[in-house]
Amino acid sequence: MIPSDCKVTNPLTSCSPRFQVITFFSALYLVALAQGGHKPCAQAFGADQFDEKDPEECKAKSSFFNWWYFGMCFGTLVTLWILNYIQDNLSWVLGFGIPCIAMVIALIIFLLGTSTYRFFSIRREDQSPFARIGIVYVAAAKNWNVSASAVTDAEESLGLMSHKISHQFSFLNKALVAKNGSCSIDELEEAKSLLRLAPIWLTCLVYAVVFAQSPTFFTKQGATMERSITPGYKISPATLQSFISLSIVIFLPLYDRVLIPIARSYTHKPGGITMLQRIGTGLFLSFLAMVIAALVEMKRLKTAADYGLVDSPDATVPMSVWWLVPQYVLFGVSDVFTMVGLQEFFYDQVPSELRSVGLALYLSIFGIGSFLSSFMISVIEKATSQSGQVSWFANNLNQAHLDYFYWLLACFSFIGLASYLYFAKAYVSKRLNAL
């Protein structure tokens with residue numbers, strides 16, 4: 001029911017501020033809830049439509065992740081360029097109505113394909129994957145004090161099957177000893193496969209922190225710079241974010257249709273390069289993007305100082321906003337490598353029944369990365385504003401030092417990349433033919 005203080009003709013502007021806030025956060029939570037359930041499950045279900053045992057379908061599955069992300073970014077691009085214009089210049093109702101109609105059409109198309117989908121079936125007698133993995137950790141904990149010779153005897157008793165046991169995380173091999181309950185080799189390797197993901201997950205958190213800067217500080221920088229395209233029109237600083245999606249939309253087809261086939265002819269791998277190599281390439285590009293962002297901000301601050309604008313926060317710095325485009329483009333290209341690579345990696349390297357959980361783990365990198373970014377900014381803000389000093393994030397960007405923050409992130413990115421390369425080199429794949 002619409003409150004009495006709202007007018008039906010213009011609900012967005014005529015309702016009381018309290019009702020607008022409640023409506024906004026209700027919609028926000030609904031979208032977050034829907035995305036949390038939809039993203040990992042829909043993507044895992046889509047990838048499940050490909051038969052990994054068929055060489056051609058295996059190649060197509062690798063392309064699926066590319067084209068999935070292409071669709072997501074193309075939708076973002078349409079939103080930034082078309083729907084934002086409709087909302088600002090025509091009607092907010094129409095701006096929200098078009099996505100609503102699009103979602104209804106998408107749902108109908110999805111339901112029409114129900115009879116053609118492949119469904120991953122689990123036999124009723126099969127044990128839950130969580131239970132199987134839990135048994136390994138419990139058995140290893142119970143057998144913590146068993147001798148190395150007992151573990152060796154347990155491995156040798158398995159005979160020909162012992163060649164499947166990986167040497168990584170060998171402390172879990174104690175779970176093979178039947179003293180306090182034991183597990184099978186397959187269960188042991190499943191438990192190890194999840195544990196191996198932890199270092200990759202942790203080292204990619206820095207990438208997520210860097211990823212969080214483009215819609216915030218980059219936009220704030222753009223607002224201080226010369227944005228005129230024609231004498232009577234200035235580009236919105238938030239519009240520059242579309243260069244990330246645009247670079248993804250342009251580069252992804254090139255990557256999928258040109259670069260992968262060339263790489264595949266040399267490596268004979270379905271994806272051209274391994275998933276770990278793909279992720280590492282993106283991490284390097286994000287490091288490079290932060291270096292460029294720091295250099296551009298140093299130039300912006302020097303320009304403001306040269307023109308005597310340090311104490312004029314509302315003045316336009318005579319430096320073109322197009323200087324920011326390279327860092328946006330590098331962000332987009334790094335996404336093609338790291339973002340899509342992480343999706344395929346976390347889908348592929350978990351037990352078959354936990355693929356949606358694997359994709360949820362991938363998404364959690366960026367959720368926690370955003371929290372870490374906010375935490376870092378709060379700590380740096382407090383540390384740099386003591387004793388009357390100007391904070392790195394002062395409202396007057398001409399007095400602030402975003403360049404210092406970008407250099408700090410570049411250092412963290414380099415450390416994260418080096419750590420990632422160390423763990424990636426030692427990584428033992430769940431499916432050796434996939435990596």
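Analyst: Here is a walk through the cavity and then the helix pairs. The model is predicted, so to speak of local features a pLDDT of at least 70 is needed and side-chain atom pairs count only at 80 or more, while totals for chains, interfaces and linings use all residues. Residues are numbered from 1 along each chain as its sequence is written, and side-chain values use heavy atoms, without hydrogens or water.

A search of the whole structure turns up 1 cavity of 30 Å³ or more (points on a 1 Å grid where a 1.4 Å probe fits but cannot get out). The largest cavity holds about 40 Å³ of space, a volume filled by probe spheres set on the points. Its lining (an atom within 4 Å of a point) consists of T203, V206, Y207, L283, S286, S413, G416 and L417. By class, 4 of these lining residues are nonpolar, 4 are polar and none is charged (Gly counts as polar, Tyr as nonpolar). Helices α8 (205-211), α11 and α14 each supply at least two lining residues (helices are DSSP runs of H or I, at least four residues). Of the elements, α14 gives the most to the lining, with 3 residues.

Now to the packing of α14 (residues 402-426) against α11 (residues 275-306): their axes come within 8 Å and cross at roughly 165° (lines fitted to C-alpha atoms over the stretch in contact, with angles from 0 to 180 degrees between N-to-C directions). The two helices are therefore roughly antiparallel (over 145 degrees). The crossing of α11 and α14 is left-handed (the near helix is turned anticlockwise from the far one by less than a right angle). Their contact (heavy atoms within 4.5 Å) has 22 nonpolar, 2 polar and 2 charged residues.

Helix α14 also packs with α7, at an angle of about 165° and with axes 9 Å apart. That makes α7 roughly antiparallel to α14, and this crossing too is left-handed. From α7 come P199, I200 and T203, which meet G416, S419, Y420, F423 and A424 of α14. These residues divide into 5 nonpolar, 3 polar and no charged. T203 and G416 also line the largest cavity.

Helix α7 (residues 185-203) has another partner in α5 (residues 129-142), at an angle of about 90° with axes 8 Å apart. This pair is therefore roughly perpendicular (65 to 115 degrees). R132, I133, V136 and Y137 of α5 touch E187, L188, E190, A191, L194 and L195 of α7. That contact has 7 nonpolar, no polar and 3 charged residues.

Methods
Parallel < 35°, antiparallel > 145°, perpendicular 65-115°, else oblique. 1 Å grid on protein atoms, 1.4 Å probe; cavity = no way out; pocket = protein on both sides within 12 Å on 5 of 7 lines; lining within 4 Å.
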